[in-house]
Structures are given as structure tokens and as C-alpha cells.
Amino acid sequence: MSPNIFSPLGFKMEMKYQQKIESGRWCKFSESTVVHEDIPPDPSLASEYIDIGTCHVGTQFSKFWSLHEVTPLHTEQVSHGMNHVEGGWPETISADNDELTLRYRKKVQKDESYQHTVMETVSAVENYKQKVLEKSQVYFKDNRVVVKREDMASARIINVLRDPKKEKRAATSLSWHPVDNHKLAVAYSCVEFQRASKNMSSDSYIWNIENNKKPEMTLKSVSPLVCLEYNLKNISILIGGSYNGQIGYWDTRSGSQPVQVSAIEHSHKDPVYKVIWLQSKIGTEAFSASTDGQVLFWDIRNMSEPTKQLILDPAKSKNLNNALGAFSMEFDNTMPKFLVGTEQGLVVLCNRKLETTDEPIVCTYSGHHGPVYAVQRNPFFPKYFLTVADWTARIWSEDIRLSSIMSTKYHTSHLLDGCWSPVRPAVFFTVKMDGTLDVWDILLKQKDPVLSLKVCDETLYSIRVKNDSPLMCCGSQLGTVTLLKMSPNLCTLQSNEKGLVSEMFERETKREKILEAFYKERNQMKQKYPKEDEDGRAELQELLAETETEFFETIDAEKKKIQDEKK
């Protein structure tokens, strides 16, 4: 059936009807040229329809903007040129010598006029910053939170790197990559005497801290590495000291095997506990320290034998049998001398340029009761240095040799490593044998840490803080390296912190100098008047005896009084 339908208005519509066959389908209409029936239009049906008029409605979804025209004032533009050449150095200092220029900068920065000028500039900048903050508070009222610096001190563990070998070894040394914040070199060794098995692995690793499943690279060695350091100039080269006393260096571009290793007959006789790169133009010089009493200087271009040798003999007789065993070492490129921490508890100050001096050993600092596991200069005030040994950490001044200027309390557990914060001059870190990490802020507390964190249950052997980063890592006895992220207050320089720390160090140094002069004068008086000293000792003993007698009599009287009251 296909009807032709005409509307009342006379339009002809030709439609084709197809019968519904399957259930669920609609009828299908289509045009057709076959005419089955012709129905003419009927004008009478037009009244049943309503003609709807066309209606136009406008819509707009974008925002309405107002137009403003501003005529700015006329500005004249003038081009200026400036030619800057590094200069202003004295005639005796070459601008190409990094060591001399750094030392001269340090000298200028210590000048009182320089500090006064900087402080005036800082106060002006602080004033402008405060005005900007006052204006911004109108828009950021909810984000303004005032928190005490001590309350903000915190650290959280972000990753753990475990020794892949079944027989666990201690992570004795850590070294961050100078450029890549995700690379960390770890030296693994068993430093306990005669505890290492014959089948123990001697491999050390370079890790990507984001991947704790597998190390990125393996560093092969004949003997386990006790210390390992990246080269700051050539970031692909590392140097390491072995348990058997040999020194070797690796190039990560050439594989896992060492490029060169020192000859065993010209190496150390004991384990190498510290190796440091010398900041030279070539970047190929380093020196190492060992408990055999030697400090050896090396050039990695030819490691068949050391270039120089220093024997740590305090008598300055260069007798190796009387030498002090080196356990730690520190070198600052801005200072002409370097520090060596010994297993006898002394810190030795040595001249770096042995060929130009007759006295390689300048002096010694005594105060610890055991091996000095760590020694490091303050990065902001190199004249002052930190030592970690026995149960304490101490801060020393190069001018005071008899005692330290500051010291922590005696802990119940041994301290095995420590370091300064590279960002804040008042903050340093220590790790202990009970697996605890302590964070110290000497501006807030001198006897207690501002943060004490239990990192693991085993002994912590090493710690290293990443420069210009909130990351630090701790190495344990079982080869576990724990990565931590510090809170912003521990890795952000506080307002006027340098000035406060400088005043504190100078004040404590003056106090120790006064005490040192007093003891010297007292000793001289004892030597000059020995009889008076003996008479004084006898009087002191009599006084102590009388005091002791009175003390025990008082106690007996109190006991009798208590017994009488009970009766």
C-alpha cells in the first residue's frame, strides 16, 4: 500500500508504505513514482491548522567586557651598554687561580666594613620585602601560617636501598652525584676485624634512588671499598680506597672495572678510611688517609706510586712506628691546611703544600676519648670544624688547641659519623650505634637535638647530605641505605643566621682563650713556687676531710631524728 497524500494546502507528497514484517522494527517510508490514488486538496480543512510564525531569539555565552582607552605618558628610551670584566684583584692575585681568588673573597667577607655594608643592604631589602608581604596579605590571608622553627623540624623516609648480596655488608661510605640528584654511590665493606668471610663480595654500587630494586651500575674491586668519592670536575670519575690499602679509580663510561689501581707495594698497609679530591685545574689529584699513619697524595694519570707522602708523627721525626692512625680527613679548598682525625682521639692540622714547608704537621687538638670518626669544617666559617668521636660531637676553633669551644652531652650510645648542613651554618647531623639520627641546631639548643629519629634497629655507619637539596642518606651495618627528606626549616637559611652563628663562635672562642690563659698562668705559678703549691694542696686536703666529716655527722643526726620520730 503506497498512498499519495496531499495536504490541505495543495502540496503533493508521494509516500510508500511497507508492511511491518519483523517485530520491533518501525515502518519504512520512501519516495516512489508510482501513483495508486490521487486525492485533490480540500480548502475547507485549512481551518483546522494553525500557521506558526517564525520567532528569532539571540543567545550569548561569553562574558561581557568593558572597553577602556588609556593614553600613557610619553617615555624616552635610551640604550646603554656595560662591559663587565672580572677584576679588582690585587697585583699578587691572579684572576685565573681559583684557589687564590676564593681565599681572597673569604678574607674580604670577614672584613667588618664588608659585613656592615651587607647588613645595611639586607635590612633595606627586608624592609621592601615586608611591605610586599603586607600588601599580599589582603589576597592571601588564609595562607599566612606562623609556625615556630623548632616545631617544624622533621624528616621522613622516602626510600630504602638494600644490599643485593645475601651476605650483608656495612654501607661505609656515601657519595652523591655532583649534578644528578638521583644518583648515589655506596661503598660496601665489612670493617669489623677478622669478621669478613672469604666468599664475601667486594662489589660496590651506584644507585638510582628512585629504583630500589636493582643498582644502576656495579663497581668491581679486588678488595671491598671502604670509601668512595665522586670527582666534582669530571662527574663520570670516582675514586675509592680499599680494605687492603689500595687506591683505584673508575670511569662510568668505560664499565665496571677500575681504570687504574695503585701498586700494592706503594699503597697503604691498612684499610683506607678516607679519600678526597683536590680542587685543581686538571681535577686529577687526590689524597688518602689510613690507619697505617700515612697520608698519600695521588695523580690518577699515573697511580703506580704516590706523588707525596706525609707521616702523621706528632714528634715530627717522620717515624712510621710512632705515627698516628688516620680515621677521617677534611680538606677545604679555601684553606691552606687540612685536618686529619686519628684513632687515638687527636685531630692533626697539616700543611697541604709539603714541598714548600719544613713543618708539615702544624699542631694537634685533643679532647676525645676514642677514634675520631668524622671531622668537617663549617661550610660558612671554615675556621671552625666539627668532630664526632666516642659519645660526643664537638665544635673546635683553630685558635684553641686545648679544648673545644662547644660540645654535645654524653650519649649512652657511640657516635659514628656526622656532618654540617651545607645550607645552614647552625645545623649539623650525627648518627649513633643504636640506629638513631640526631639533628642539632645550636641557635636553639646546645645540649639536646631538635630532632631525634630512629632510622633502623642496626648500627648507622655513615651519613651524607645532598647540597642544595632537602635529601640526605644514612648507611647501616647491614648495608641498608635509608633516604630521608628534611622539612623546609632544616634546609633553608634563616634570617640573620650567619651573623648569630658568627657571634656565638667568637664569644665561645674568647671564653676558651681566657680559660686557656688562666690555666697557663696557674701552671707557671706551680712551677715557680712548688712549696706553696704543696702547702696549698695540704690545706685543701684538710678542708676536704673536715667537710666530709661534717657531711657524715649531719647524715647520722638526720637518721637518729627519723628513728626517734618513728618510736
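Does Lys409 count as buried, partly exposed or exposed, and at what relative accessibility? At 37% relative accessibility, Lys409 counts as partly exposed, where buried means under 20% relative accessible area, exposed over 50% and partly exposed in between (1.4 Å probe, protein chains only). The model is predicted, so that local features need pLDDT of at least 70 and side-chain atom pairs count only at pLDDT 80 or more, whereas totals for chains, interfaces and linings use all residues. Residues are numbered from 1 along each chain as its sequence is written, and side-chain values use heavy atoms, with hydrogens and water left out.

Lys409 forms a salt bridge with Asp448, the closest N and O atoms being 3.1 Å apart; a salt bridge is defined as a side-chain nitrogen of Lys or Arg within 4 Å of a carboxyl oxygen of Asp or Glu. This pair links distant parts of the chain, 39 residues apart: Lys409 lies in the loop between β25 and β26 (415-420), and Asp448 in the loop between β28 (436-441) and β29 (451-454). Strands (E, at least two residues) and helices (H or I, at least four) are DSSP runs, numbered from the N terminus. Asp448 is partly exposed, at 36% relative accessibility.

A search of the whole structure finds 20 salt bridges. Among them, Lys183 pairs with Glu216, with the closest N and O atoms 3.4 Å apart. Here too, distant parts of the chain are linked: Lys183 belongs to strand β7 (residues 183-189), while Glu216 is found 33 residues away in the loop between β8 (204-208) and β9 (217-219). Lys183 is partly exposed, with a relative accessible area of 25%, and Glu216 is likewise partly exposed, with a value of 43%.

A network of salt bridges links Arg507, Glu508, Arg511 and Glu512. Within this group, the closest N and O atoms of Glu512 and Arg511 are 3.2 Å apart. Glu512 is buried, with a relative accessible area of 9%, whereas Arg511 is partly exposed at 37%.

Strand pairing was also examined. An open sheet is formed by four strands in the order β22-β23-β24-β25, with antiparallel pairing; two strands pair if DSSP finds at least two bridges between them. The edge strands, β22 (372-377) and β25 (406-407), each pair on one side only. Strand β22 is joined by five bridges to β23 (residues 384-389), and the two run antiparallel. Arg377 has Phe385, in β23, as its bridge partner.
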